[in-house]
Amino acid sequence: MRYSKPYKAFLLSFWGVWCLSLGHAHPSFALIITDQGDLLFADVLHNEGTIWKYSSEGKLTALLTGEHCHMIFADSRGVIWGTDHAYIEAIEGNENTLWRLDQTGKKEIIIAPTREPTEFSGVNFVLNRKNRLIFPHNGQLYQRDLQGASSLLSSHQFGRIMSIQIDHQDRLYIADNNTDNGSVYQLLPSGHLHQLTNKLLEKPPPNPPFEMEMHNMFLGMSVDDSGNVLLANIGSRRISQITQDGTTAHIYHAEAPWFPVAALRKDGKLYVEEVGYQAGKGHLGPRIVLWDGKQKQIIVEIPTP
């Protein structure tokens, strides 16, 4: 798998640590629990990209393979959406496809492959209750009807958007890795944008996974039923919780060589997707960990081939 020209300098240094033979710049950061209690997560390390289902009965199934998908999303109706974010060598650019799973689990193409990132960029996205797609590109937020043209959602220029998420009130959350040493913003349906918190990145974090500071960054984000934002931070190996008033607390810490890439809360318990890298072994995971506040339980672990 290759990547577009703006990422090349980033990847050349990153691959030295992130296992050159696999050719992945960063892991997936998608974790969902369905109404039926099934756990879904994305994984770019297996089969050129896999969407896994771990059922409430404990059965692991590959729902889709061959999908270079970093994020999957469950809308307000419980429908699962995902992307294929592929590199096209002939144009030295990316091609993005939006899909969803129908009631039988079959993939339906909703936005056909596009090479114009302002039409749709497939690393991060959410769908609001008005069925409008929201996605970032080059530090800005775009919106579009599924069958229509895209437009800027906000004129604000962010630093580096790593993740976006939306809650049941259509409040949008933006994790900005570069502004004010790591920030989380909230964009209300009214258009009002404000910064919930900042200074979330530790410089340097203790025992970081990667030597280069730029690689120790935010990844997945979720919002629980109480409106608390849960943000994964590679560098500190932590999950941070941010309340609606901006109060921040670290609620989970992964042990080396693992680090968290996504988390969600369900029925008072924290589910964390972790991956890792270990010298001599290469990539580790992904794995899903259940944390009840006192003990960790590894639910499922998929060794990298």
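Which residues line the largest cavity? In this predicted model, the lining is made up of Pro 27, Ser 28, Ala 42, Asp 43, Val 44, Leu 45, Glu 273, Val 275 and Pro 286.

**The cavity**

- The count of cavities of 30 Å³ or more comes to one.
- The largest cavity holds about 30 Å³ of space.
- Two elements, β2 (39-43) and β22 (269-278), each give two or more residues to the lining of the largest cavity.
- Sorted by class, the lining consists of six nonpolar residues, one polar residue and two charged residues.
- Pro 286, one of the lining residues, is placed in strand β23.
- The peptide bond that leads from Gly 285 into Pro 286 is cis, and its omega is near 10 degrees.

**Aromatic pairs**

- There are six aromatic pairs in the structure.
- Phe 158 and Tyr 185 make an edge-to-face pair, with 5.2 Å from centre to centre and 80 degrees between the planes.
- Phe 158 is in the loop between β12 (150-152) and β13 (161-166), while Tyr 185 is in strand β15 (residues 183-187), so this pair ties together parts that are 27 residues apart in sequence.
- Phe 158 has a relative accessible area of 3% and is therefore buried.
- Tyr 185 is buried as well, because its relative accessible area is 7%, under the 20% limit for that class.
- The pair of Tyr 252 and Trp 291 is edge-to-face because the ring planes stand at 75 degrees, with the centres 6.1 Å apart.
- That pair links distant parts of the chain, since Tyr 252 belongs to strand β20 (residues 248-253) and Trp 291 to strand β23 (residues 282-291), 39 residues apart.
- Tyr 252 and Trp 291 are both buried.

**A ring cluster and a charge over a ring**

- Phe 73, Phe 120, Phe 125, Phe 135 and Tyr 142 are linked into a cluster by ring pairs.
- Phe 120, a member of that cluster, is also among the residues touched by Thr 114.
- Arg 287 has its charged end over the ring of Trp 258, at 3.9 Å from the ring centre.

**Two buried residues**

- Thr 114 is found in strand β8 (residues 107-114).
- Thr 114 counts as buried because its relative accessibility is 7%.
- Setting aside residues up to four places away in sequence, Thr 114 touches Asn 94, Glu 95, Asn 96, Glu 119 and Phe 120.
- Asn 216 is found in the loop between β16 (193-197) and β17 (218-223).
- The relative accessibility of Asn 216 is 9%, so Asn 216 counts as buried.
- Apart from neighbours within four places in sequence, Asn 216 is in contact with Leu 201, Pro 208, Pro 209, Phe 210, Ile 234 and Gly 235.
- Asn 216 and His 85 are 131 residues apart along the chain, and 22 Å separates their C-alpha atoms.

**Backbone geometry**

- A cis peptide bond runs from Ala 256 to Pro 257, with omega near 10 degrees.
- Pro 257 is in the loop between β20 and β21 (258-266).
- Asp 180 is a residue other than glycine with a positive phi, near 50 degrees.
- Asp 180 lies in the loop between β14 (172-176) and β15.
- With a relative accessibility of 42%, Asp 180 counts as partly exposed.
- Asp 267 is not a glycine either, yet its phi is positive at about 55 degrees.
- The loop between β21 and β22 contains Asp 267.
- Asp 267 is exposed because its relative accessible area is 71%, which is over the 50% limit for that class.

How values were computed:
Residues are numbered from 1 along each chain as its sequence is written. This is a predicted model: local features need pLDDT of at least 70, side-chain atom pairs count only at pLDDT 80 or more; totals for chains, interfaces and linings use all residues. Side-chain values use heavy atoms; hydrogens and water are left out. On a 1 Å grid over the protein atoms alone, a cavity is a set of points where a 1.4 Å probe fits but cannot get out, and a pocket is an open set with protein on both sides within 12 Å along at least five of seven lines; lining residues have an atom within 4 Å of a point. Grid points are joined across faces, edges and corners, and a volume is the space filled by probe spheres set on the points. Helices (H or I, at least four residues) and strands (E, at least two) are DSSP runs, numbered from the N terminus. Ala, Val, Leu, Ile, Met, Phe, Trp, Tyr, Cys and Pro count as nonpolar, Asp, Glu, Lys and Arg as charged, and the others, Gly among them, as polar. Buried means under 20% relative accessible area, exposed over 50%, partly exposed in between (1.4 Å probe, protein chains only). Contact means heavy atoms within 4.5 Å. Rings of Phe, Tyr and Trp (its six-membered ring) pair if their centres lie within 6.5 Å; planes under 30 degrees apart count as stacked, over 60 as edge-to-face and the rest as tilted. A charge sits over a ring if NZ of Lys or CZ of Arg is within 6 Å of the ring centre and within 35 degrees of the ring normal.
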